Amino acid sequence: MNGTATAPIVTISGLTKRFGSNRALHDVDLTVARGEVVVLLGLSGSGKSTLLRHIDGLESPSEGSLDVLGERVETLSQKSLRSLRSRVAMIFQQFELVPSLTVLENVLTGALSRLSGPRLGVWTYPRALRRQALGHLDRVGLLEKAYERSELLSGGQQQRVAIARALMQEPQILLADEPVASLDPESSEQVMRLIREIAADDGLTVICSLHQVDLALGWGDRIVGLRHGEVVLDTPTDGLTKSQVMEVYGRVTPTAELRAIETELATESLLLTRGAEA
Amino acid sequence: MTTLEAPPATDLPRAEAPAPPRLIRPSRLAALLVLVAMLAFSIYALSTLDFTWSNVLGSVANAVKVFQEMDPISLPGPADLAYLIGLTLGIVILGTVVAALISVPVAWLAAENTTPAAGLRWLGRAVGVVTRAVPDVVLALAFSLTFALGSPLPGIFAIGIHSVGMISKLFADAIEHSDDGPRLAIRAAGGSRSQEFWGGVFPQVLPSWIATALHRFDINLRGSAILGYAGVGASGTPCASPSSTSPRATAAASGSRP
């Protein structure tokens with residue numbers, strides 16, 4: 001990982017995080033190159049969210065170090081942390097919009113770090129930012145919803161608003177924490193495609209956590225598998241098969257593998273039946 | 001849609017493991033003991049009161065007398081009445097607005113999820129408890145000594161200070177019940193603490209804050225007559241100054257026999 005073309009934008013070494021006696025991350029090493037699209041794969045509780053929160057400077061490590069955008073995260077002051085966070089955008093499973101505010105105002109909150117002091121109402125933001133926010137809404141295909149209350153939108157639309165809000169930060173890194181876990185398959189696909197398109201167009205580095213192997217395989221450049229807070233898989237997606245990924249998770253006993261396949265078959269037949277009924 | 005399966009069952013605790021024995025928690029036991037003690041004390045207290053049904057019947061005559069003396073209530077003239085009602089409304093509105101404004105920083109300190117430090121949280125709560133504990137009539141009496149009789153300022157101050165107790169408590173509750181997500185989103189985007197509060201919390205709690213302020217306005221309006229009697233310029237004031245109305249109306253307003 002040397003040379004300017006693949007200069008690392010995130011370098012994590014020996015990262016361990018403990019919450020009381022609970023160990024969320026253990027000795028995690030991870031290097032992400034500029035422009036790379038990485039999927040963090042793992043069950044809930046495997047440490048994906050905690051890892052993402054560290055990269056955004058929302059958590060400080062118990063041990064180890066993080067370099068993000070050339071900053072040594074664990075040594076930063078509150079002020080420098082805020083400046084780092086403003087360059088790293090994050091979207092969430094539950095979207096985390098303010099339900100009673102308009103879509104446009106929610107998008108504008110993404111630019112708060114560029115303003116001093118709080119803002120209330122769309123008209124308290126500078127005109128240039130309002131125009132920019134409308135541009136981002138157009139980009140995610142929701143310009144006509146700009147003045148609707150965000151709670152009136154569907155889940156998929158809310159996540160696209162959250163993406164527009166992230167774009168307001170003009171970020172270099174986009175972190176996505178289970179962005180489609182609360183969405184139906186169709187909206188999921190739409191959101192995942194949108195993230196991919198934006199990453200390609202803007203040269204964004206993306207780190208996205210998922211728990212669905214199917215989504216991950218066709219989507220990222222590279223898969224990093226987490227299990228009980230440890231990296232158990234780190235491999236390019238090219239040529240990777242589902243069974244190879246599943247092996248990492250269900251490798252301990254043959255019965256577990258069998259069970260995984262059984263469940264997969266059961267889920268698929270259930271979906272087929274539902275499809276037939278509809 | 002394939003999702004990852006849970007780790008193999010051999011890692012998991014066995015389902016038929018015995019449930020841990022149920023313990024009586026000390027806090028529950030203490031609560032029960034206090035409840036029993038309070039009940040016992042109430043029964044004892046009631047038994048020591050000189051409370052008999054014949055006493056109740058004997059007081060009926062007293063009650064009749066009081067109501068008879070209220071009979072010709074003399075109200076001020078229509079113009080005076082309109083002025084006094086307007087003045088009362090003004091005092092109550094201003095007092096409630098002042099209280100609501102003071103309550104915002106107090107609630108911010110007192111709410112668990114926004115307080116900057118644990119010590120300041122206790123300060124916020126203490127302000128709420130103390131202002132709730134001192135009745136507005138007492139505050140009005142104290143303030144009326146510093147202003148001219150009938151001036152509206154003591155009333156505004158009394159309502160403004162006393163209402164902070166309830167309003168800040170309910171404001172803080174609303175903050176604590178708000179969803180942390182939007183705040184986190186603003187923090188994750190590099191927002192400051194004040195931007196987190198005004199951008200992520202305030203829009204969520206605003207409807208509840210308005211409801212609380214209106215509820216307190218209603219309470220304050222009802223309580224304003226007695227504030228007037230305490231020497232604060234409001235519709236209760238004529239009841240307190242014998243020169244402007246009859247002593248009988250004064251008696252009615254104060255609820256005591258002349």
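Start with K145(A), which touches V103(A), L153(A) and Q157(A), leaving aside residues up to four places away in sequence (a contact means heavy atoms within 4.5 Å). K145(A) sits in the loop between α4 (127-139) and α5 (155-167) of chain A. Helices here are DSSP runs of H or I with at least four residues, strands are runs of E with at least two, and both are numbered from the N terminus. The C-alpha atoms of K145(A) and T102(A) are 8.6 Å apart, although 43 residues separate the two along the chain.

A quick word on ground rules. This is a predicted model, where local features need pLDDT of at least 70 and side-chain atom pairs count only at pLDDT 80 or more, while totals for chains, interfaces and linings use all residues. Residues are numbered from 1 along each chain as its sequence is written, chains are lettered from A and ligands numbered from 1 in the order in which they are written, and side-chain values use heavy atoms, with hydrogens and water left out.

Staying in chain A, look for an open sheet of 4 strands, antiparallel in pairing and ordered β2-β1-β4-β5. Two strands pair if DSSP finds at least two bridges between them. At the edges are β2 (22-33) and β5 (71-72) of chain A, each pairing on one side only. Strands β1 (residues 8-19) and β4 (residues 63-68) of chain A run antiparallel and are joined by 5 bridges. For T11(A), the bridge partner in β4(A) is D67(A). Helix α1 (residues 48-55) of chain A packs on this sheet, touching β1, β2 and β4 of chain A, and its direction makes about 125° with that of β1(A).

Now over to chain B and its helices. Helix α3 (residues 78-110) and helix α6 (residues 153-177) of chain B pack at about 40°, with axes 6 Å apart. Axes are lines fitted to C-alpha atoms, for helices over the stretch in contact, and angles run from 0 to 180 degrees between N-to-C directions. That angle makes α3(B) oblique to α6(B); under 35 degrees counts as roughly parallel, over 145 as roughly antiparallel, 65 to 115 as roughly perpendicular and the rest as oblique.

Helix α4 (residues 118-133) of chain B also packs against α6(B), at about 140° and with the axes 6 Å apart, so α4(B) and α6(B) are oblique to each other too. Among the residues that meet here are R121(B) in α4(B) and E176(B) in α6(B).
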